[in-house]
Structure formats: structure tokens, C-alpha cells
Amino acid sequence: MTPSRYSGLRQRTRRGFTYLELIASAMLVAIAGMGAMLSWRLAPQAVANKRLTEMSVQLAVSELERLKAVKYQNLSDTTTPNVFYYDKNGGALVSSTGATYLVKSTVLTQDTNGDNLYDSLDLRELTVEVWNPAETQRYEQAQTLLAYGGL
Amino acid sequence: MLRSNQPTNQSSRVASRRGISLVIAQALILAMTLLIVATQLQVIGQLKLTRTEKDYEHALQAAEAGANLYLSQLAVNPSIAAIPDMSVQAFRQAVKNGTITVTRYPAGSEQGYYVGHVGTRGVSVTVVSYGWSHGVARKVKLSARVVSIFDSSTVYALNPSLTAGGLPDASNGNYSWRFSGSARVVGACGSLGRIDYSGNNDFYDGPIYLVGPHARFFNGVAPVVIQSGPDVPDGHSGTGTLASPAVQINPRSVHIPTADEAANTASGSTLGVEYFRSNNNNATGLRYLVKHKTTGAIRELNDPTKPYTVMSGTDYALDGEFSPGPSALSAAGMTANENYYALRAYPGNYFFDRINQQTSNVLVLRSYSDSERVSLGFGSAPVNPNPGMSEAQNIRFWIGHRSGGGDPATGFSYQSYMEYTRYASRFRVYVASSGGVSVSGTNQNPPPPFRVNLLVYNKTPAGDQYGSTTFNSGTYLYGSMIGWQVSQGGSTTTEKELSEATLEDVLSYEVTDWREIE
């Protein structure tokens, strides 16, 4: 065996091993690439979901606080829900045009003591729902009770 | 050879370098993968954090819901046990241990509250409420003080003024609150039905509450509300605050108990006002006052060797007792140098089926406890003769039904005076009688105030509501008046005074402060 033939054989052996490595590497690159692509798609979606959740909670809390500020004795029970529209930044809108959020709130007097009279002994239940404008997806529901003289 | 050998050495080094490159490339890929995984974990972590934040909001809402529920329970249930004041961490642990059960709100959800009061419950109370949502807990602590039914308004008239068919009734007699003459009202006032008034009537400060769906003004026009001032109206002190808006629409009424319900709350019985027919201080707490003809000194007839009783055992009509005969007074210890002056009522509960106080009859209300005598400047006043009531401050008149025949009318005059004038709420009159109540005044300026809280409202066994009150002449009612129908005539004035905080006639607990506690 001439050194050159021997070295050529060794080179071929080394080259074959490198191909396997390359294939493995290519697979790794492909997996990593897919992961990166998924991340690319997931990250903004996650941010959007996070924003939807946070903004919905914020809008629901804001509407609950608004109802409480009216005070128990001045609140009327709702026969149809109060409806408000908000843009993606939580800015109030006069109509559904350009809206990202639809907020529905209801006020209901519970006959807490069961006397068939609705007065200051009965609790008011405040419910707020935050939806997409088409009302196909509900982002948030918040509910609380309000007593006469309560908070 | 050197050249021929060189490629071999070079290719060996190249091969060696290629391996290193792959290792480096793989390391980079691994690093990139780890970075991607870390980013994903970060994103997932952020989303979890958002969910946790949402649970924090829900936990707070649940805590507030619990606090409100508890406040409404406190108003009607005098015997709720206190709970321990624990940290949020201890609460969370107790829930996990199962030693505390959270009331789920909304029902079936994974959130809810645990609420109660801590410490001693009195006219003020401290409430702690724990909110729970998916393992997240929050705690709010609030202070609340009691509000009386008599704090809601100066005059609160309950008749919705409807026909039998449930329609608004314009007939003259079916009013809720009627003003005539030059009658006026100072402070918050309200009605569930029709308010009749004319241009000669004045409404000061306001607001006027139109409560519920049937409240209205007779002509559909709200009166002008003006600001009170010193001696505007006559007898008024200080300057009032003009409400804005002056007329307010309240969809829901405050809960006003009937006289019988108020009696049940006070007595713990189910007999209504009738309970006080056999549980009263009539025999001991009413005393005669006489006045020295020369010096004008007033003293009470309380010589222990000359005992007397103002009301006989089966007589529940307080009428002739206002002007007792000379022989009865002499037997009770009045001397020849004295004249009869007044009837004094001590703190306690009194039952009558009628009161007929003429304008010449004087009723003196000793509205302070024995221990307050010195500090209030009544150091030489006798002790309260009612057994076990030395620390009582309140005088309660319960007007019930007559045993036989129809209920007679009850009348008070402006000559009902409090010895200690600070709290009108220390004198309360609850009227279950269907005879109605009238209050007669006098045309002096400033008008003497009749300090009282009046509840003239009751129901028949069939559920029919009644209770009419009429103010005449220059009556100046200072305190509060709640009734089914109220008529103010002449130059009468009604002015609101906030009642002293007590656990009687509780309307609600009002939050005065709240904060979140860790």
C-alpha cells in the first residue's frame, strides 16, 4: 500500500463519517429551523393572546368599577345588557366600527331574603362579559355582588 | 515529496478541521435549540403569569362579593359569630387542609370567598373577606358603621298611590306625601308614590328621592329646591348644603320594617308591638313633675314613702294622665306651694293603645343614662326608676291596637321636650295602631322643635299597609318621619337629624374604609 492510497482510503472513511454527521446536522438544523419558525409564529400569537387577556380583564374591572360608582340605590336592573365597544388599545368607541372588544354588563337584584320585595336588603349582582365584536369568543367574565352601603 | 506529502498532511488537517467545524456547528445548533426552547418556556411562563394575574383579579372580585354579602347579612342577623383574622398564607393553607370551605361564587366555579367579622361587633364592625381563584388568594379588610332606617330621609312616605288595579291614582286622598299651607321640609326626603305640593311649599337642601317606579309629583313637575340658612326656614340653624341633583331617582327602596317587625327585632319575639303590652315600663318609668309657684323650681315627685303609679295596670291610654287631679298629686307628695308641671318619661319601653297629648300637656323626655347625668349637667337628677335600665338612654313608645273596638287616633303636641337635646333618635315612637298620628304645633317663632323619630307604618294580617300622620300648625319636627301617608299642613317644618349610632332599627352597614391585607 502506498501512503497515498492509504491516506486516500482514510480520507474516504473520514468523508463517509462526515456525511452522516452532515445528515444528522442537517436534521438538527431542520428541527431547529422548524422550532424557530414555530417560535416565530407562536411568539406574536402569545403576545396577542396575552394582550387580549390583560385588556379584557382591565375592561371588565373598569366596567365593574363604573357600576359600583353609580351606587346601589341609583343602579337600575338591566332588562337588556349595557353594551360598550372598545378598540385594541382599550379606547372607548361609539359603535362597533373598528372595535376589538365588546363589553356587556348586567345588573340584577337578587331576592336575597326571599320576601318577593326588591329593596335594600337584597343584593345586586353585577356581571360583566368581554367578547370579540362578533360575540363568537368570550375573553373574560367577571361577577360580583353589591350591598346597600357596600363597596 | 515534500509537496506530495504536503497534501496528505493538509487533507489530514482539513479532515481534522472539518470535524471541529461540525462539532462547532452542532454546538451552535444545540445552543440555538436551547435558545428556542428557552424562548418557548419564557412565552409559556408569560402566558401563565397572565393567567395568574387574571386569577388575582378574580380573587379580589370574589373577596369583594363576599364582603358585600356579609354586610347585607349583618343588617338582618344580629347573631353571627366572628371568625379568626388570619394571614392570606394561613388561609390558603387552611383551604388546602380542608379546615376552611370556600363558598363558591359564581356557583360551580373554581373561585369563591370566605368572609366574616373579626373582633366585637357593635355599631361599627370590621369585616375580613378572603377571595379565592384557582389557588390564588386575596384578603380585604373593611370597616363599616351601622346606618339606621331613620337616617335615610327626613320624611319617607311609602304609599305608592296606586288604584286597586295597580295604576297611578290621581284621587285626592291617595297621596303618599301631601304638602298644604306653607309647609316645608329641610334635608333629604323621599317618597314611593305621589307627592302633592303647591307654590307655597318650600323644599330646602334636598335631595328629594323619587323611589321606585310609582314615585312622582302630582303635577309632574319637580319643585325648586333652595338652600337653607340661619333661620331660613324659621327656627333653622346653620347653612345647609344644596344637593345636586336636587331630585334623584332611586330604582330601589330602602327596606322599611313595619312597627310590628321593628318590635320583633327589638324584643326577639314574634308578637309585634303587642309584646310590649305585657313587657313595658309603664308602671315605673312615668313620673310627675311639679313646679314651685314662687321660685319656678321643677322637681319630680319621688318620695319613697308616697309611691304612685301614673298608669294603672290595664289602662294603656295615655290621656288624662297628662293632667292629674290635685288629690292624686298631693298623695304623691306635691305641696301647696307647687303646681303640676309635666309628665316625665325615663329611658325604657312603654306601651300605649292611644296617646292624647293636648297642646297644654307637657311631656318631658329624660333621654340620658344615669352615668351621663354629671357630664351632661344633670348631676342632681334622680336615677332611672326602671329596673335594670340605669344605663339605658332611649325612650321607646310602642303604640298598639286597642283591645276592644277600633284603634283610636294618637296625638302629640309641640310640648314634648327632651331634657338632653343632642339626639332626637333617643325618642322613637312606633305606631302599629291604625288610628293614625297627629302632631300639633304652635305659631311661635322660633318654633319649638319636637325631637323624635316616628315610624307610622304597619300591615294588617292580610298584608294591607297603613299608617297616616298629620302635622298641623307650626310643628317643627326635628329628626325623622317614616310613614305610609304623611300630610304636612299649616306652617309645619320637618328637618332631618342623623340618628345616634345604635344597633336598633338597622338599615344597613355602610363601608367607611377598606384595604387589601397580605
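Select Val290(B), which sits in strand S15 (residues 286–292) of chain B. Strands here are DSSP runs of E with at least two residues, helices are runs of H or I with at least four residues, and both are numbered from the N terminus. This is a predicted model, in which local features need pLDDT of at least 70 and side-chain atom pairs count only at pLDDT 80 or more, while totals for chains, interfaces and linings use all residues. Residues are numbered from 1 along each chain as its sequence is written, and chains are lettered from A and ligands numbered from 1 in the order in which they are written.

**Around Val290(B)**

Is Val290(B) buried or exposed? Val290(B) is buried, because 21 other C-beta atoms lie within 10 Å. A residue counts as buried with 20 or more other C-beta atoms within 10 Å of its own, as exposed with 12 or fewer, and as partly exposed in between; the C-beta atoms are placed from the backbone. Leaving aside neighbours within four places in sequence, the contacts of Val290(B) include Leu301(B), Leu329(B), Met334(B) and Tyr340(B). Contact means that the C-beta atoms of two residues, placed from the backbone, lie within 7 Å.

**The nonpolar core**

Select Tyr113(B) and Tyr430(B). Of the 142 residues in the largest nonpolar core, these two touch the most other members. H1(B) gives the most to this core, with 11 residues. A nonpolar core is a set of buried Ala, Val, Leu, Ile, Met, Phe, Trp, Tyr and Cys residues joined through C-beta atoms within 7 Å. Not counting residues up to four places away in sequence, Tyr430(B) touches Trp398(B), Ile399(B) and Leu455(B), among others. In soluble globular proteins, nonpolar side chains tend to be buried together.

**The sheet of seven strands**

Colour the strands of chain B next. An open sheet of seven strands runs in the order S12-S9-S6-S32-S30-S26-S23, with parallel pairing. Two strands pair if DSSP finds at least two bridges between them. The edge strands are S12 (216–217) and S23 (410–413) of chain B, each pairing on one side only. Zoom in on S26 (residues 437–440) and S30 (residues 468–471) of chain B, which run parallel and are joined by three bridges. Val437(B) has Thr469(B) in S30(B) as its bridge partner.

**Strand S33**

Move to S33 (residues 493–496) of chain B. Thr493(B) and Glu495(B) point one way, Thr494(B) and Lys496(B) point the other way, and all are buried. In a regular strand the side chains alternate between the two faces of the sheet. S33(B) pairs in the parallel sense with strand S7 (residues 184–186) of chain B over three bridges, and Val186(B) has Glu495(B) as its bridge partner. Four bridges join S33(B) to strand S31 (residues 476–483) of chain B, also parallel.

**The sheet of five strands**

Which strands form the antiparallel open sheet of chain B? Its order is S1-S2-S3-S4-S34, with S1 (103–104) and S34 of chain B at the edges. Show S3 (residues 124–133) of chain B with S4(B): 10 bridges join the two. Trp132(B) is partnered in S4(B) by Ala137(B). Helix H2 (residues 88–97) of chain B lies across S2 (111–118), S3 and S4, running at about 110 degrees to S4(B); the axes are lines fitted to C-alpha atoms, for helices over the stretch in contact, and angles run from 0 to 180 degrees between N-to-C directions.

Between S3 and S4 of chain B, select His134(B) in the loop. His134(B) has a positive phi of about 50 degrees although it is not a glycine, and it counts as partly exposed because it has 13 C-beta neighbours inside 10 Å. In the loop between S1 and S2 of chain B, find Pro106(B). The peptide bond from Tyr105(B) to Pro106(B) is cis, with omega near -5 degrees. Most residues other than glycine have a negative phi, and most peptide bonds are trans.

**Where the chains meet**

Finally, show both chains. The contact takes 44 residues from chain B and 45 residues from chain A. On the side of chain B, the largest share, 29 residues, comes from H1(B). Chain A has one helix and five strands, in the order α-β-β-β-β-β from the N terminus.
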